[in-house]
Every structure is written in structure tokens, then in C-alpha cells.
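Trainee: I have a model open and would like to learn how to read it. Could you walk me through its features one by one?

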Amino acid sequence: MDMTGEVQALCAAPEPFDLAFIDAMIPHHQSAVMMAQVALQNGTHQEIKDLAQAIVDAQQREIGEMESWRAAWYGGTPVAA
């Protein structure tokens with residue numbers, strides 16, 4: 001992941017900014033969910049598994065919120081990861 005590049009791309013994103021932010025964050029969150037699911041399967045410490053589950057729960061909820069906002073404000077379907 002090139003976080004610096006992602007931030008720079010977002011700073012230079014065309015209007016509307018909120019749409020660009022949502023379209024950048026949905027795949028970012030989806031990646032976090034995938035990484036957390038790997039930690040759930042492979043982690044050995046319960047603290048890591050607990051954190052991974054919390055990440056899955058929170059990120060999936062936030063993905064749903066952003067998809068709803070995107071549909072309500074801009075129509076269409078969200079960008080794919």
C-alpha cells in the first residue's frame with residue numbers, strides 16, 4: 001500500500017471532494033477487512049484476534065455507510081476494490 005501516494009492523489013482529486021474521498025476509502029476499508037480476516041485465521045494471540053474482529057465489524061459498518069451516502073448523494077454504484 002502506498003499511503004503517501006493515496007493521500008497525494010486525494011489532495012489532487014477533482015470535485016466533488018466527498019465523492020473522491022468515498023471512492024478512495026471504500027477500497028481502503030475493504031483491504032483492511034481482508035487483512036483482519038487473515039489475522040483472524042492465522043493469529044495466535046487472542047488480543048490480535050479480538051482487534052481483528054473489531055476491525056472487521058467497524059470497517060464493514062463504515063463501508064455500508066459510505067456506500068449509502070454515495071448512492072444517496074451521487075447515484076450509481078460504488079467503485080470496486
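Predicted model: local features only at pLDDT ≥ 70, side-chain atom pairs only at ≥ 80, totals over all residues.

Trainee: How many helices and strands does the protein chain have?

Mentor: Helices (H or I, at least four residues) and strands (E, at least two) are DSSP runs, numbered from the N terminus. Here there are 3 helices and 0 strands, so the order from the N terminus is α-α-α. The C-alpha trace spans about 45 × 30 × 15 Å along its principal axes.

Trainee: What share of the residues counts as buried?

Mentor: Buried means under 20% relative accessible area, exposed over 50%, and partly exposed in between (1.4 Å probe, protein chains only). Of the 81 residues, 20% count as buried. Gln59 in helix H3 is one example, with a relative accessible area of 15%.

Trainee: Which residues does Gln59 touch?

Mentor: A contact means heavy atoms within 4.5 Å. Leaving aside residues up to four places away in sequence, Gln59 touches His29, Ala32 and Val33. Across the chain, 54% of the contacts with a separation of 6 or more are between residues 24 or more positions apart.

Trainee: And how many salt bridges are there?

Mentor: The general idea is that side chains of opposite charge can pair when their charged atoms come close. The rule asks for a side-chain nitrogen of Lys or Arg within 4 Å of a carboxyl oxygen of Asp or Glu, and the count comes to 2. In one, Arg70 pairs with Asp23, with the closest N and O atoms 2.6 Å apart. Arg70 lies in helix H3 (residues 46-74) and Asp23 in helix H2 (residues 17-42), so this pair ties together parts 47 residues apart in sequence. Arg70 is buried, at 11% relative accessible area. Arg61 and Glu62 also form a salt bridge, at 4.0 Å from N to O, and Glu62 is partly exposed at 26%.

Methods:
Residues numbered from 1 in each chain as written. Heavy atoms only, no water.
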